[in-house]
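Thank you all for coming.

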Amino acid sequence: MPSATSDARVLIQSLSRAYAATPTNLKIIDLYVVFAVATALVQVAYMGLVGTFPFNSFLSGVLSCIGTAVLAVCLRIQVNKDNKEFKDLPPERAFADFVLCNLVLHLVIMNFLG
Amino acid sequence: MAGRRLAPAALLILFVAAAVTPFSSAVRRVSDAHRSAAAELFASSADGSFGDLESTYEAVRTFQILGVKDKSLTGKVCKFAAEKLASPASSPAKDLFHAVRISGALGCSVDAGVYDGVVARLKAVIKDTNSLLEFYYSVGGLLSIKVQGHNVVLSDAESTFHSIKALSQSDGRWRYDTNSAESSTFAAGIALEALAGVVSLADAEVDPSMIGVVKNDIVKLFDTIKSYDDGTFYFDEKHVDADEYKGPITTSASVVRGVSSFASVVSGKLNIPGEKILGLAKFFLGIGLPGSSKDCFNQIEALSFLENNRVFVPLILSLPSKVLSLTSKDQLKVEVTTVFGSAAPPLKVNLVQVLGSDSKVITSEKKELQYDRENNVHYLDIAPLKIDVGKYSLVFEISLQEVEQETAYATGGTNTESVFITGLIKVDKAEIGISDNDAGTVESVEKLDLLKDSKVSLSANHLQKLRLSFQLTTPLGKTFKPHQVFLKLKHESKVEHLFVDFLGLVEKFYYLSGRYDLELSVGDAVMENSFLRALGHLDLDLPEAPEKAPRPPAQAVDPFSKFGPKAEISHIFRAPEKRPPKELSLAFTGLTLLPFIGFLIGLMRLGVNFKNFPSLPGPAAFASLFHAGIGAVLLLYVLFWVKLDLFTTLKYLGFLGIFLVFVGHRTLSYLSSASAKQKTA
């Protein structure tokens with residue numbers, strides 16, 4: 001139905017225009033999240049192909065990606081200037097938390113990797 | 001074949017031996033067997049000594065009583081004793097006591113002067129001591145010197161008597177000295193011996209009332225005597241775990257010595273029942289051939305004191321042979337002697353009762369045994385008694401012919417002894433046959449002569465029954481039921497079956513058909529002609545074995561084949577997981593890196609720059625360190641995955657973390673202040 005596709009196109013265009021307005025640092029974070037999730041998907045696809053044999057390694061890899069994505073989302077929330085809740089939190093502090101949590105996550109991941 | 005013939009004879013002997021042994025431990029008088037046992041136990045070492053003085057004395061005294069003379073040793077032992085006597089002042093009383101007694105027993109010639117010195121020393125010991133053992137040794141030594149012909153008199157004997165008596169207890173036992181609390185039966189024995197010695201050595205008569213008190217003590221002591229069921233009496237200490245526990249043989253011997261010695265020096269009789277003296281004699285004889293030299297000495301010396309003592313002389317009744325054969329018309333023979341085998345006074349022996357197994361009374365007629373003076377044996381023909389073969393208990397009664405002798409001799413009333421009466425068992429009416437059913441309509445019967453081997457040939461199948469019958473009669477014509485009856489069937493492949501009754505089960509034969517050899521063995525302790533006979537052979541026709549039937553036991557008994565190595569078990573490991581091909585894994589590793597590349601490209605497209613990197617050197621340094629720190633942590637993680645363990649990693653992480661926190665704090669606070677300035681600016 002031509003109207004459906006054209007409506008979808010209009011919707012996507014408006015979304016992308018709106019997205020272009022977001023500040024660069026948030027875009028960086030979004031890109032990072034996309035990167036992490038993509039890595040996770042690649043690993044899941046591999047697992048689907050060859051089986052779950054070193055299951056701990058698989059879990060470790062996937063959880064590392066998902067975990068870091070989650071932390072990045074948290075960072076984005078805290079850094080976003082439009083977010084009233086975190087108005088008083090300096091972004092550097094949020095970034096420091098992000099770094100620290102990532103380091104702990106990756107320690108656990110490396111231990112579980114085997 | 002010869003081996004199989006011997007088997008029932010051996011069985012019979014074994015059975016007889018096993019059955020007779022409990023009765024053969026009944027008392028027999030001292031005999032040559034005791035002499036050789038003593039010679040073995042008291043073997044002297046090369047230089048002619050038997051060890052220390054006490055052991056030497058025990059050896060010498062035992063040989064003296066048994067009449068064993070060894071002239072070669074006498075000289076050496078006399079010299080050994082003389083050495084001890086030479087310096088009395090330095091030797092303890094115990095050594096002098098044994099040395100003097102050794103000289104007395106061997107008849108060594110000792111200088112009178114030497115004995116004077118010894119006497120003086122022993123008298124000094126008596127004056128000073130309070131200990132029972134010291135009294136015993138010194139009084140005993142003096143007594144022995146007096147017996148050897150030297151003149152010794154103990155002045156002030158009454159006070160010595162008192163001192164020894166003071167150590168007695170109310171139950172007839174004695175203490176060793178005034179300090180010890182425990183009383184001992186052994187001590188009572190040596191105290192009585194010492195008191196007897198004092199009475200002999202005294203220059204004046206000892207107060208008769210004191211002697212009466214001691215007589216009472218002896219009666220009380222005999223109240224503590226212990227006994228076994230068969231009339232044996234013995235003395236033992238009250239507390240087995242006491243310091244100086246010596247065992248029943250030593251303790252009983254000590255009491256016998258003491259009581260006999262005391263009875264021989266005092267006038268009047270001691271009020272002790274004769275059965276206890278007889279019980280003590282039975283105890284010592286019942287030891288048989290003793291195992292240790294000390295036990296041997298105590299046994300022989302105690303028996304020698306019992307042989308002729310003034311209390312009661314025990315008379316022992318014994319049977320030279322416990323197996324009487326009806327076939328050879330054996331006579332029942334009984335001996336009554338003293339413990340050392342000397343003749344008893346004139347007496348009569350009556351057979352009062354004959355009891356069969358289960359104590360069933362066979363006859364109660366009193367039969368007097370006739371006396372054979374030459375061999376000192378009482379005998380009786382048993383044929384007129386009409387007693388059949390079997391095991392019996394005979395009850396005897398001894399009665400002394402002179403009534404006054406009854407106060408001097410202990411006979412023990414009735415004595416019970418067990419005997420076996422054996423005879424030839426007649427076997428006849430032997431038949432063997434196969435019958436079709438229980439009713440016994442015999443298909444084929446053959447008469448057997450069981451006095452010799454037979455060669456019967458039979459055949460049967462599993463539906464028929466094998467019947468073997470025979471009759472056994474005793475010499476008196478009664479039917480006899482033997483103790484052991486076996487029928488043995490032996491297959492060609494050497495599989496054997498033993499039947500105690502005559503019903504065989506097909507399954508027991510392992511379903512092996514074929515030819516079986518038959519053997520019959522009949523035996524009993526009282527049967528003089530037990531036999532093992534080959535009867536012939538039997539062809540058995542048995543049905544096929546069903547699958548679950550037991551197989552015959554494997555006949556090849558090669559011991560090595562039983563214990564050879566077993567089959568090797570190989571461990572089955574878990575099959576390893578299937579791994580994907582290497583190329584695929586590598587491909588996907590590359591694929592994993594793709595999003596990272598995409599990330600970097602995206603960053604560049606977004607216009608990422610390092611503008612905010614602090615330009616001033618100080619903050620710049622911190623910023624660099626911050627990044628370096630993060631990089632170091634990540635490197636540490638890689639190392640952790642590759643080779644480090646968790647604890648090392650945590651240790652380094654700790655250091656790096658602290659560093660990173662510090663540096664990061666500086667950097668970020670600088671950046672935040674910088675951005676705040678920018679905002680306000």
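This is a predicted model: local features need pLDDT of at least 70, side-chain atom pairs count only at pLDDT 80 or more; totals for chains, interfaces and linings use all residues.

Let me begin with the interface, where 32 residues of chain B are in contact with 27 residues of chain A. The usual way of putting a size on such a contact is the accessible area lost when the parts come together. Here the area buried between chain B and chain A is about 2600 Å², and carbon and sulfur atoms give 85% of that area. How many salt bridges does the rule find across the interface of chain B and chain A? The number is 0, although the structure holds 14 salt bridges over all chains.

Now to the helix pairs, both of them within chain B. Helix α9, residues 185–201 of chain B, packs with helix α11, residues 247–265 of chain B, at an angle of about 25°, and their axes are 7 Å apart. Angles under 35 degrees count as roughly parallel, and α9(B) and α11(B) are therefore described as roughly parallel to each other. Their crossing is left-handed. Among the residues that meet are B:Phe186, B:Ile190 and B:Leu195 from α9(B), and B:Val255, B:Val259 and B:Phe262 from α11(B). If we sort this contact of α9(B) with α11(B) by class, we find 10 nonpolar, 8 polar and 2 charged residues.

The second pair is helix α6, residues 112–128 of chain B, and helix α7, residues 132–147 of chain B, whose axes come within 9 Å and cross at roughly 150°. That angle makes α6(B) roughly antiparallel to α7(B), and the crossing is left-handed. The contact includes B:Val118, B:Leu122 and B:Ile126 on the α6(B) side, with B:Phe135, B:Leu142 and B:Ile145 among the residues of α7(B). By class, the contact of α6(B) with α7(B) has 10 nonpolar, 2 polar and 2 charged residues.

Side chains of opposite charge can pair when their charged atoms come close. In this model the side chains of B:Lys94 and B:Glu54 meet in a salt bridge, at 3.5 Å from N to O. Because B:Lys94 lies in helix α5 (residues 93–106) of chain B and B:Glu54 in helix α3 (residues 53–66) of chain B, the pair ties together parts that are 40 residues apart in sequence.

Note on methods
Residues are numbered from 1 along each chain as its sequence is written. Chains are lettered from A and ligands numbered from 1 in the order in which they are written. Side-chain values use heavy atoms; hydrogens and water are left out. Axes are lines fitted to C-alpha atoms, for helices over the stretch in contact, and angles run from 0 to 180 degrees between N-to-C directions. Helices (H or I, at least four residues) and strands (E, at least two) are DSSP runs, numbered from the N terminus. Angles under 35 degrees count as roughly parallel, over 145 as roughly antiparallel, 65 to 115 as roughly perpendicular and the rest as oblique. A crossing is left-handed if the near helix is turned anticlockwise from the far one by less than a right angle, and right-handed if clockwise. Contact means heavy atoms within 4.5 Å. Ala, Val, Leu, Ile, Met, Phe, Trp, Tyr, Cys and Pro count as nonpolar, Asp, Glu, Lys and Arg as charged, and the others, Gly among them, as polar. Buried area is the accessible area (1.4 Å probe) that two parts lose on being put together, summed over both. A salt bridge is a side-chain nitrogen of Lys or Arg within 4 Å of a carboxyl oxygen of Asp or Glu.
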